[in-house]
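Here are some notes for anyone opening this one for the first time. Have a look at the sequence and the model, then read on.

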Amino acid sequence: MKKSDMTDVIADAARLLKESKKTIALTGAGVSTESGIPDFRSRDGLWSRYDPMEYGTLGAFKRDPEKIWTMLAELMTLVDARPNEGHRAMAKLEELGMLAGIITQNIDSLHQKGGSKKVVEYHGSFDSFTCMQCACSYPLADVRKPDLPPHCSSCHGILKPDIVFFDEQIPPSALSESRDLIHQADLLIVAGTSCQVVPAATIPATVLAQGGKIIEINREPVLNTHAEVILEGSFSQLMSQLVTALHSTQ
Ligand code: OAD
């Protein structure tokens with residue numbers, strides 16, 4: 001796309017934001033790749049190195065937690081990642097009163113580190129860990145040790161991060177908070193997600209069914225004609241340009 005064409009598309013997206021009475025966002029791993037965290041389904045994504053059915057289920061964790069911790073240890077590096085310009089631009093949008101909240105599938109807490117206040121962590125996070133034997137809970141600070149996997153200090157069971165595996169339910173609090181956000185939303189920003197994992201992947205259809213519109217920001221867009229505006233490319237660049245454009249569009 002020519003630069004002038006992209007400027008027009010960003011202006012269209014800015015107009016939608018200004019017209020909206022309630023905008024929310026659904027984000028995925030693609031918003032954090034520019035913070036150095038691999039996504040799941042791109043060519044060099046996590047699932048290109050680990051089979052999701054072999055490593056991504058609670059059943060697999062219970063059978064062989066040490067094996068699953070080889071992948072989790074790699075994921076643990078995300079706790080030191082820093083938010084990028086896109087995370088900060090989304091926080092700015094909320095500060096301007098133009099974003100009611102974010103439903104994120106990410107477990108890296110980078111929206112909050114970038115300044116966003118209303119964030120629903122649909123797939124949990126690495127902020128806390130639970131012992132699979134006695135259900136004791138531990139904050140991240142207690143688990144940050146060089147020797148992984150971490151063990152429970154009372155029963156020596158192996159700890160699991162409070163993230164949602166494929167065969168687990170979405171936390172009830174995340175479900176109800178996201179329902180509140182989706183209620184009466186007339187604009188949804190879908191950013192950095194391939195929209196392949198349910199139930200998060202049903203959120204765009206829910207917003208469309210209640211008469212809402214969609215702005216998609218993705219390196220490889222997936223929503224096609226369902227999106228009113230598609231911004232194809234880098235999340236950090238496009239999200240920053242979108243917030244800048246809000247000052248110049250009528
Ligand atoms: P995916 O890896 O499936 O999709 C990431 C999307 O972001 C792709 O469409 C990429 O093209 C796009 N992308 C990557 N980098 C980008 C960038 N810098 N700018 C713009 N777009 C970019 O990740 P998710 O959709 O988040 O769940 O995956 C959903 C769920 O599947 C995850 O939460 C995780 C995984 O299995 C569980 O573990 C339960």
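The points below go from the overall fold to the domains and then to a few local details.

1. Keep in mind from the start that this is a predicted model. The protein chain has eleven helices and nine strands. Its radius of gyration is 19 Å, close to the 18 Å that the globule rule gives for 250 residues, so the chain is as compact as a globular protein of that length. Along the principal axes, the C-alpha atoms fill a box of roughly 60 × 35 × 30 Å.

2. Where they touch, 14 residues come from domain 1 and ten residues from domain 2.

3. How much area do domain 1 and domain 2 bury between them? The figure is about 920 Å², with 64% of it on carbon and sulfur atoms. On the domain 1 side, Ala 29, Ile 37 and Ile 107 are the ones to click on: they supply 47% of the area that domain 1 buries against domain 2, more than any other three residues.

4. What about polar links across that interface? The count of salt bridges between domain 1 and domain 2 is zero, and one residue pair is in polar contact there.

5. Salt bridges do turn up elsewhere, as the structure holds seven of them. One to look at pairs Glu 74 with Arg 49, whose closest N and O atoms are 2.4 Å apart. Glu 74 belongs to helix 5 (residues 65-75) and Arg 49 to helix 2 (residues 46-49), so this pair ties together parts that are 25 residues apart in sequence.

6. Check the backbone at two prolines. Leu 148 and Pro 149 are joined by a cis peptide bond, omega being about 5 degrees, and Pro 149 lies in the loop between helix 8 (140-143) and strand 6 (159-163). The bond from Val 198 to Pro 199 is cis too, with omega near 5 degrees; Pro 199 is in the loop between strand 7 (187-191) and helix 10 (203-209).

7. Last, a backbone angle. Ser 109 is not a glycine, yet its phi is positive, near 60 degrees. You'll find Ser 109 in the loop between strand 2 (101-104) and helix 7 (110-113).

Conventions
Residues numbered from 1 in each chain as written. Predicted model: local features only at pLDDT ≥ 70, side-chain atom pairs only at ≥ 80, totals over all residues. Heavy atoms only, no water. Contact = heavy atoms within 4.5 Å. Buried area = accessible area lost by both parts, 1.4 Å probe. Salt bridge = Lys/Arg side-chain N within 4 Å of Asp/Glu carboxyl O. Polar contact = N/O pair within 3.5 Å; in protein donor to acceptor, adjacent residues only side chain to side chain. Helix = DSSP H or I, 4+ residues; strand = E, 2+ residues; numbered from the N terminus. Rg over C-alpha atoms; globule rule 2.2 N^0.38 Å.
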